[in-house]
Amino acid sequence: MAHPAPAPHRSTGRPELRRRGPARAVALAAAAGGALRRQPAGAWLIAGAVTALYCAYSTAQWHRLESPSWDLGIFTQLAKAYAGFDAPIVPIKGASFNLLGDHFHPLLVLLGPVYALFPSAFALLVVQNLLFGLSVFVVARTGLRELGRAGGTAVGLAYGLSWGLQAAAAAQFHEIAFAVPLLALSCEALIRRRLAAAVAWGALLVFVKEDLGLTVIALGLVIALRFRHAAGLWLAVWGALWLLLSVRVILPGLNSAGSYDYAGRVDAEAMVADPLQAAADFFSGAPKYETALLLLVAGGVVFLRSPLALVLVPTLLWRFASTEVGYWGPGWHYSAVLMPVLFLALIDAAARLRRSGRTLPRVLAGAGCACAAAAALALLPGQSLAELADPETYRQSPRWDAAHRLIEAVPRGASVETGVGLMAYLVPRSEVYWIGNTNPAPDFLLVDAEDWSWGTTPPADAEAHAEETYPGTAYTLVFAEDGYQLVERTG
């Protein structure tokens with residue numbers, strides 16, 4: 001009588017499965033290492049050098065106690081809140097002020113883990129420099145692949161030293177730091193005809209700042225034009241949807257005033273009522289001419305031949321249409337988002353001209369790249385990084401030690417009202433308020449005689465100023481050194 005074959009042991013495949021796990025991890029690691037090794041060495045060198053320059057600049061700026069605006073303090077408070085798994089309440093903007101009611105930037109939640117590891121405002125400066133460096137790597141990599149060693153190196157260096165990035169670094173951290181590499185990656189993918197990557201990277205821009213919804217619309221339309229694919233149109237719809245949702249619903253809903261604070265910066269009703277005057281206003285103003293001229297020169301003019309140049313339009317439109325003069329010029333961080341698009345448009349246009357096979361287009365391509373490099377070098381002496389050539393740049397502020405003794409005099413968790421000067425330095429250990437708001441009476445009030453926040457006449461007597469600002473309170477001087485006065489509330 002035949003016996004049935006024994007059933008296979010149920011665990012026969014388990015050792016193989018256990019082996020597959022480590023083997024798969026090793027294979028993925030090997031693939032990742034191979035992908036990194038395939039990247040152009042020149043792109044690593046350019047990005048590394050530029051990142052080092054920006055980090056050196058930020059380090060010198062930090063040790064000089066240089067604070068050009070309150071934004072670094074604001075974003076440090078946001079990072080501190082996210083690190084504690086809290087809502088981004090930023091007292092610098094006002095008591096219980098939710099920063100997601102100011103601008104729509106949920107992607108900044110990524111700052112939380114960074115701050116948890118490195119609880120300092122300086123960490124945000126390093127993050128911004130690394131993000132800029134990543135974008136430099138992307139632009140240089142694309143240039144080297146599309147234009148060869150000479151052209152790619154020239155454009156990569158010109159981008160890394162571009163006036164828009166330098167101005168943003170000097171202005172210290174802003175949310176647009178995340179938009180710069182995302183734009184670079186999306187535009188690079190578009191040039192390389194990688195539809196999914198172009199759409200994916202571009203789609204994330206709506207979570208960096210609400211006005212970038214306009215940029216996403218333009219990017220989507222360019223993708224639709226380049227690929228003849230509906231995905232580009234869907235990306236444009238995605239940008240429009242988040243623009244409307246953020247400006248009409250999310251920002252007013254989280255804003256303490258129940259409105260979008262920046263709605264009045266562009267007077268759409270007046271533009272519709274008098275379009276001729278609106279057109280005249282749009283094309284008037286010396287800062288606008290300066291910005292436009294710098295873009296033309298930095299992009300070697302040739303960039304206009306690329307469809308990517310259209311992605312620049314929305315940012316320029318809202319800036320030049322605004323009644324806020326500060327948006328018009330090339331300063332601050334407003335042009336940083338234009339830089340990766342500008343230089344990748346230059347690469348795209350130059351590569352197209354080179355592929356034509358005709359002599360004149362090839363000459364124009366080379367001239368455009370050379371013009372971009374020459375412009376970057378010519379503009380460099382007047383830009384922020386030029387300060388690195390001056391030994392005085394590296395001198396620590398003579399008030400550094402006094403400032404840190406003052407900071408240590410404030411107990412952890414105490415509230416402090418201050419100007420901009422030491423704001424970002426105080427945030428990690430204190431609840432910081434700004435002197436320009438209506439605040440609850442703080443535990444401490446700081447008067448800095450050299451802080452531009454006070455104007456030309458800072459209070460000579462911090463105790464009297466604090467008690468006058470907050471009637472019914474009593475403050476006592478607890479620190480006075482090198483122009484700093486710190487008073488503590490005693491009643």
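Predicted model: local features only at pLDDT ≥ 70, side-chain atom pairs only at ≥ 80, totals over all residues.
User: How many helices and strands does the chain have?

Analyst: Count them from the secondary structure. The chain has 19 helices and five strands. Its C-alpha atoms fill a box of roughly 95 × 85 × 55 Å along the principal axes.

User: How many of the residues count as buried?

Analyst: Buried means under 20% relative accessible area. Of the 491 residues in the chain, 52% count as buried. The accessible surface comes to about 22400 Å², and carbon and sulfur atoms account for 64% of that area.

User: Is Gly-264 buried or exposed?

Analyst: Exposed means over 50% relative accessible area. Gly-264 has 61%, so Gly-264 is exposed. Find Gly-264 in the loop between helix H10 (230-254) and helix H11 (268-273). Now look across to Thr-323. Gly-264 and Thr-323 are 59 residues apart along the chain, yet 8.3 Å separates their C-alpha atoms.

User: Is Ala-236 buried or exposed?

Analyst: Apply the cut-off again. Ala-236 has a relative accessible area of 9%, so Ala-236 is buried. Ala-236 sits in helix H10. Setting aside neighbours within four places in sequence, Ala-236 is in contact with Val-216, Ile-217, Gly-220 and Leu-221.

User: Why might contacts in a helix come three or four places apart?

Analyst: An α-helix has 3.6 residues a turn, so residues three or four places apart point the same way.

User: Where is Gln-166, and what does Gln-166 touch?

Analyst: Gln-166 lies in helix H6 (residues 163-170). Its relative accessibility is 0%, so Gln-166 counts as buried. Beyond residues up to four places away in sequence, Gln-166 touches Tyr-54, Leu-161, Leu-380, Gln-383, Ser-384 and Leu-385. Check the polar atoms too. A polar atom of the Gln-166 side chain lies 3.2 Å from the backbone nitrogen of Ser-384.

User: How far apart are the mean positions of the positive and negative charges?

Analyst: Average the places of each kind, then compare the two points. The chain has 36 positive and 36 negative charges, and their mean positions are 25 Å apart.

Technical notes
Residues numbered from 1 in each chain as written. Heavy atoms only, no water. Helix = DSSP H or I, 4+ residues; strand = E, 2+ residues; numbered from the N terminus. Buried < 20%, exposed > 50% of the residue type's maximum accessible area, 1.4 Å probe, protein only. Polar contact = N/O pair within 3.5 Å; in protein donor to acceptor, adjacent residues only side chain to side chain. Contact = heavy atoms within 4.5 Å. Areas by Shrake-Rupley, 256 points an atom, 1.4 Å probe, with all protein chains shown as cover. Lys, Arg positive; Asp, Glu negative; His and termini not counted. Charge placed at Lys NZ, Arg CZ, Asp CG, Glu CD.
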